Amino acid sequence: NFRCRSAFKLLEIDDKFRLLQPGYSVVDCGSAPGAWSQVAVQRINSAGTDQGSPRGTVIGIDLLNIPPLDGAHFLSNHDVTDPATHGKLQELLPRGRAHVILSDMAPNASGFRDMDHEKLITMCLSLIDLAEKILLPGGSLLCKYWDGVLSHHLQEKLSSVFSSVRTIKPDASRKDSAERYFLARMYKKRVK
Ligand code: SAM
């Protein structure tokens, strides 16, 4: 039983693109109430349910409280965009690195479509800073956005550090909503 219907969007995306492999380290941004983390725990075997496969790590972060889940480590009351949170993630992840960053984050909708769009794009852009600190070369980033004028800007920024970027509208996402996901794969570590 999943905590929220949003689980079906991640299941659908992962069935198609196989992002989550046993043994992987995954950071789930905006994870309350924890349905995406439930999917991640199953697929990367972080609860050790499948003794024949490597055991992964799931770390979930949210501004809200996230009820405990076997196989996941939660940072409740944490802001993903805060550099202090990035530091904590580096400490918690094995060797300070993640294979996958997931984000289903969304701001509280004001109802003004352009404003909500801009806010969420800004949050997504901060994930590129997070990636620079923790994402392994070759790693993936899946992030939710609300479509609008700045979507292209985000896509270009992602394309500058990932070899492959595509837009996904899951069947489980309401047809009449502006909700989309960018799936960015093959992270190219920026050369300093
Ligand atoms: N994927 C989740 C699940 O399956 O249970 C649902 C996520 S819900 C659509 C969006 C979440 O993003 C909210 O819980 C909200 O508190 C969180 N959020 C929004 N801004 C955030 C931020 N700056 N840092 C961390 N979490 C944030």
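The following legends describe close-up views of a predicted model.

**View 1. The seven-stranded open sheet.** The strands of this sheet follow the order E3-E2-E1-E4-E5-E7-E6, and their pairing is mixed. Strand E3 (72-75) and strand E6 (162-168) stand at the edges; each has a single partner strand, so one side of each is left without a neighbour in the sheet. On average, neighbouring strands are turned by 15 degrees against each other, direction ignored. Strands of a sheet pair through backbone hydrogen bonds, in either a parallel or an antiparallel sense.

**View 2. The pairing of E1 with E4.** Strand E1 (residues 25-29) runs parallel to strand E4 (residues 98-103), and the two are joined over four bridges. Within this pair, Val 27 stands opposite Ile 101 in E4.

**View 3. Helices H1 and H5 across the sheet.** Helix H1 (residues 7-17) lies across E4, strand E5 (135-146), E6 and strand E7 (179-187). The angle between H1 and E7 is about 35 degrees. Helix H5 (residues 151-161) lies across E5, E6 and E7, and runs at about 150 degrees to E6.

View 4. Most residues other than glycine have a negative phi, and most peptide bonds are trans. Arg 18, in the loop between H1 and E1, has a positive phi, near 50 degrees. With a relative accessibility of 51%, Arg 18 counts as exposed, because the threshold for that class is over 50%. Asn 45 also has a positive phi, near 60 degrees, and is placed in the loop between H2 and strand E2 (57-61). Asn 45 is buried, its relative accessible area being 5%. In the loop between E1 and helix H2 (35-44), where Pro 33 is found, the peptide bond from Ala 32 to Pro 33 is cis, with omega near 0 degrees.

View 5. The side chain of Ser 6 places an N or O atom 2.6 Å from an oxygen atom of the ligand. A backbone N or O atom of Ser 31 is 3.4 Å from a ligand oxygen atom, and a polar backbone atom of Pro 33 is 3.3 Å from an oxygen atom of the ligand. Taken alone, the ligand exposes 600 Å², of which the protein buries 86%.

Note on methods. Residues are numbered from 1 along each chain as its sequence is written. This is a predicted model: local features need pLDDT of at least 70, side-chain atom pairs count only at pLDDT 80 or more; totals for chains, interfaces and linings use all residues. Side-chain values use heavy atoms; hydrogens and water are left out. Two strands pair if DSSP finds at least two bridges between them. Axes are lines fitted to C-alpha atoms, for helices over the stretch in contact, and angles run from 0 to 180 degrees between N-to-C directions. Contact means heavy atoms within 4.5 Å. Buried means under 20% relative accessible area, exposed over 50%, partly exposed in between (1.4 Å probe, protein chains only). A polar contact is a pair of N or O atoms within 3.5 Å; within protein, one must be able to donate a hydrogen and the other to accept it, and residues adjacent in sequence count only if both atoms are side-chain atoms. Accessible areas come from the Shrake-Rupley method with a 1.4 Å probe; for residues, only the protein chains shown count as cover.
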